[in-house]
Amino acid sequence: MEIESSKEYIKFVAEVKRRVVSARISAIRAINRDLIRLYWDIGRMIVERQEKQGWGKSVVERLSMDLRKEFPGYTGFSSRNLWDMKRFYEQYTANEKLRQAVAELPWGHNLLIMSKISDFNARTYYIEMTRQLGWSRNVLLNQIKAAAYERSLVEDKTHNFGEVLPANLAEQADEAHRSSYNLDFLGIGEPLKERELERRLIAKLKDFILELGYGFCFIGNQHRLRAR
């Protein structure tokens with residue numbers, strides 16, 4: 001038997017692949033933490049020097065110019081980004097818990113939250129949900145636009161996800177359970193029975209699949225699939 005076709009070797013390859021992916025994710029997270037720590041320190045140093053030396057706004061512009069000259073291949077030292085580092089430090093320095101949480105988020109996520117959310121409790125919500133559920137930047141933006149924080153305050157739904165699901169799945173199920181959906185594209189303006197909602201969704205899905213053309217087909221709704 002050829003080694004590449006044996007079940008044990010196939011399992012071995014899958015295990016190695018998982019380990020490689022895990023290591024890459026860990027490396028990316030470590031790099032991100034170091035980058036956020038760097039930006040935090042630069043923001044802190046700007047604040048401290050301005051307070052101690054009495055320097056005005058011009059120091060940021062000058063620092064940006066000197067850093068870009070010294071590190072020409074690095075794009076993170078624009079004056080705008082330096083101002084964001086200063087703001088980043090100022091907004092989280094008084095809260096140790098949030099400071100630790102934001103260190104786990106990519107810089108783009110932090111900029112989005114700082115620019116879109118000013119309320120402290122709302123900001124805490126989006127930081128924690130992004131950290132726990134691994135929201136991408138686009139998902140985070142959509143959650144902000146959909147007022148996920150405000151909905152979480154008014155929607156009082158109960159469930160037992162925490163008792164029957166692992167922690168990571170319970171969190172995601174809880175979020176899905178609390179989420180509301182915009183179904184305007186179905187022409188829905190009043191409450192519908194589940195069967196009617198299904199019919200309208202299938203009609204839209206059928207049209208979409210048929211428009212894709214060759215290589216796709218619509219078999220039917222609630223079509224039973226059998227595993228071989």
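Tyr39, Trp40, Phe88, Tyr89, Tyr92 and Trp107 come together as one aromatic cluster. Rings of Phe, Tyr and Trp (its six-membered ring) count as a pair here if their centres lie within 6.5 Å. The model is a predicted one, so to speak of local features takes a pLDDT of at least 70 and side-chain atom pairs count only at pLDDT 80 or more, while totals for chains, interfaces and linings use all residues. Residues are numbered from 1 along each chain as its sequence is written, and side-chain values use heavy atoms, with hydrogens and water left out.

Now for the helices (DSSP runs of H or I, at least four residues, numbered from the N terminus). Helix 1 (residues 7-53) packs on helix 3 at an angle of about 85°, with the axes 8 Å apart; axes are lines fitted to C-alpha atoms over the stretch in contact, and angles run from 0 to 180 degrees between N-to-C directions. That makes helix 1 roughly perpendicular to helix 3 (the label covers 65 to 115 degrees). On the helix 1 side, the residues in contact (heavy atoms within 4.5 Å) include Tyr39 and Trp40, and on the helix 3 side they include Phe88, Tyr89 and Tyr92. Sorted by class, this contact has eleven nonpolar, three polar and three charged residues; Ala, Val, Leu, Ile, Met, Phe, Trp, Tyr, Cys and Pro count as nonpolar, Asp, Glu, Lys and Arg as charged, and the others, Gly among them, as polar.

Helix 3 (residues 79-92) also packs against helix 5 (residues 107-116), at about 70° and with axes 11 Å apart, so these two are roughly perpendicular as well. Helix 3 brings Phe88 and Tyr92, among others, to this contact, and helix 5 brings residues including Trp107, Leu111 and Met114. The tally by class is seven nonpolar, four polar and two charged residues.

Across the whole structure, a search turns up ten aromatic pairs. One of them joins phenylalanine 71 and phenylalanine 77, with ring centres 6.0 Å apart and planes at 55°, so the pair is tilted (stacked is under 30 degrees, edge-to-face over 60, tilted the rest). Phenylalanine 71 is partly exposed, at 42% relative accessible area, whereas phenylalanine 77 is buried, at 7%; buried means under 20%, exposed over 50% and partly exposed in between, with a 1.4 Å probe and protein chains only. Phenylalanine 88 and tryptophan 107 make an edge-to-face pair, 5.2 Å from centre to centre with 85° between the planes. Since phenylalanine 88 sits in helix 3 and tryptophan 107 in helix 5, the pair ties together parts 19 residues apart in sequence. Both phenylalanine 88 and tryptophan 107 are buried.

Conventions. Angles under 35 degrees count as roughly parallel, over 145 as roughly antiparallel, 65 to 115 as roughly perpendicular and the rest as oblique.
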